[in-house]
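Have the 3D view open while you read, and look up each residue as it comes along.

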Amino acid sequence: MRRCFLDRGIRKWAYAISIVTICPLFLAATTQGTPAAFSAPARSWAVDCANNEVFVIQHPDSYLRYRLHIVDEKGDQVRDQIETPEGTVARLIQRDGRALTPEEDSAERDRLNSLITSPSTFARHIRREQDNKKMGVELIKMMPDAMIWSYAPGQPQLPNQPSGEPALIVLNFTANPKWSPPNFESEPLTGLEGRVWIDPRTRRMVHLEGDLFHAVNIGWGLVAHIYPGGTVTLQQTNAGGQRWIVNHIVEQLTLRALMVKNIKERLVFDAADFQSVPPMSYQQAIKILLDKPRPSH
């Protein structure tokens, strides 16, 4: 029951937040830091961007292969991933900082081969990814009203900003007290505030820091109670051409699930080594993953 809640609730929310906090930012930097860049009302940017950000989540006609490193309640895992029009396929290549043993690699190969011969099994396997994207789209449509956006005083820059690059546009965001969440998944938005840094040339988010500044009850506290003090940090990068992707997330939450016990939830997510790939069937993608010999380190 705990795992079901985390997958369908907090984890899906964290995934979606990593996407939807980008949306009000695309139109925020219409110039390179000049006063004209700060003339448009923040909500107008959010409305326009909410209509466009759907394409970033669904990334039509753009597919990547990359390495994904996740540390969560499952442990420390590294996967080789390929996006396809039917969904993402992944091969586990490292666990807890080491390469898979021959026995573990054989089991992983068996799992992937079984997906090739069973499209119905793959459809069930990929349903969570599809649910996450659906939630992301729904939350994007809520963002113009759910948040209040403003320019950060002094426009503080990131310490690792490359020299010679134009100054980033910096926005603060906080929950709109007049907004009421329409469902369980959107309730954590009522306790979120933070700051985002935007590349003015590409109108993309570079860095985000968010905090849960007050406790949030999901389902009147019967489903979960999220304690204040939770944090999320994320970064986004250009993966090539017009494709941008979240490449780093650190999320920490403390919650009480189903009125039973407190749970400390920590997620570290890093994506790297992006390569553009042509559209292919998920079976073709699996065969490409299986063609690679078992990594020895």
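1. Let's start with a hairpin. Strand β11 (residues 231-240) runs antiparallel to β12, and the two pair over 9 bridges. Two strands are said to pair if DSSP finds at least two bridges between them. Within this pairing, Q236 sits opposite V246 of β12. The hairpin leaves 2 residues between its strands, and G241 there has a positive phi near 65°.

2. Before going further, a word on what you are looking at. This is a predicted model, in which local features need pLDDT of at least 70 and side-chain atom pairs count only at pLDDT 80 or more, while totals for chains, interfaces and linings use all residues. Residues are numbered from 1 along each chain as its sequence is written, and side-chain values use heavy atoms, with hydrogens and water left out.

3. Now the overall inventory. The protein chain has 7 helices and 13 strands; these are DSSP runs numbered from the N terminus, with helices being H or I over at least four residues and strands being E over at least two. Of its 297 residues, 49% count as buried. Buried means under 20% relative accessible area, exposed means over 50%, and partly exposed is in between, using a 1.4 Å probe and protein chains only.

4. Back to β12 (residues 243-257). Of its 15 residues, 12 are buried, so the strand is largely enclosed by the rest of the structure. It has another antiparallel partner in strand β10 (residues 224-226), with 3 bridges between them. There, H225 has R256 of β12 as its bridge partner.

5. What share of β6 is buried? The count is 6 of the 7 residues, so this strand too is largely enclosed by the rest of the structure. Strand β5 (residues 147-151) pairs with β6 in the antiparallel sense over 5 bridges, and Y151 stands opposite L171.

6. Next, find R65 in strand β1 (residues 64-72). Is R65 buried or exposed? With 16% relative accessibility, R65 counts as buried. Its side chain makes a polar contact with the side chain of D80 at 2.6 Å. (A polar contact is a pair of N or O atoms within 3.5 Å; within protein, one must be able to donate a hydrogen and the other to accept it, and residues adjacent in sequence count only if both atoms are side-chain atoms.) Setting aside residues up to four places away in sequence, R65 also touches others, including Q81, F274 and K292; contact means heavy atoms within 4.5 Å.

7. The structure holds 3 aromatic pairs. The rings of Y66 and F274 have centres 5.5 Å apart and planes at 50°, so this pair is tilted. Y66 is in strand β1 and F274 in strand β13 (residues 261-276), so the pair ties together parts 208 residues apart in sequence. F122 and Y282 form a stacked pair, at 3.8 Å centre to centre and 0° between the planes. As a reminder of the rules, rings of Phe, Tyr and Trp (its six-membered ring) pair if their centres lie within 6.5 Å, and planes under 30 degrees apart count as stacked, over 60 as edge-to-face and the rest as tilted.

8. The largest nonpolar core has 30 residues, and M147, W149, F173, L189, V196 and L208 have the most contacts inside it. A nonpolar core is a set of buried Ala, Val, Leu, Ile, Met, Phe, Trp, Tyr and Cys residues joined through side-chain atoms within 4.5 Å. Apart from it lies another core, of 15 residues, among them L115, A285, I286 and L289.

9. Finally, look at helix α7. Its buried residues are Y282, A285, I286, L289 and L290. Seen down the helix axis, they fall within an arc of 135°, so they line one face of α7; the arc is that of the directions from the helix axis to the C-beta atoms. These residues pack against β1, β2 (75-84), β3 (87-95), α5 (102-116) and α6.
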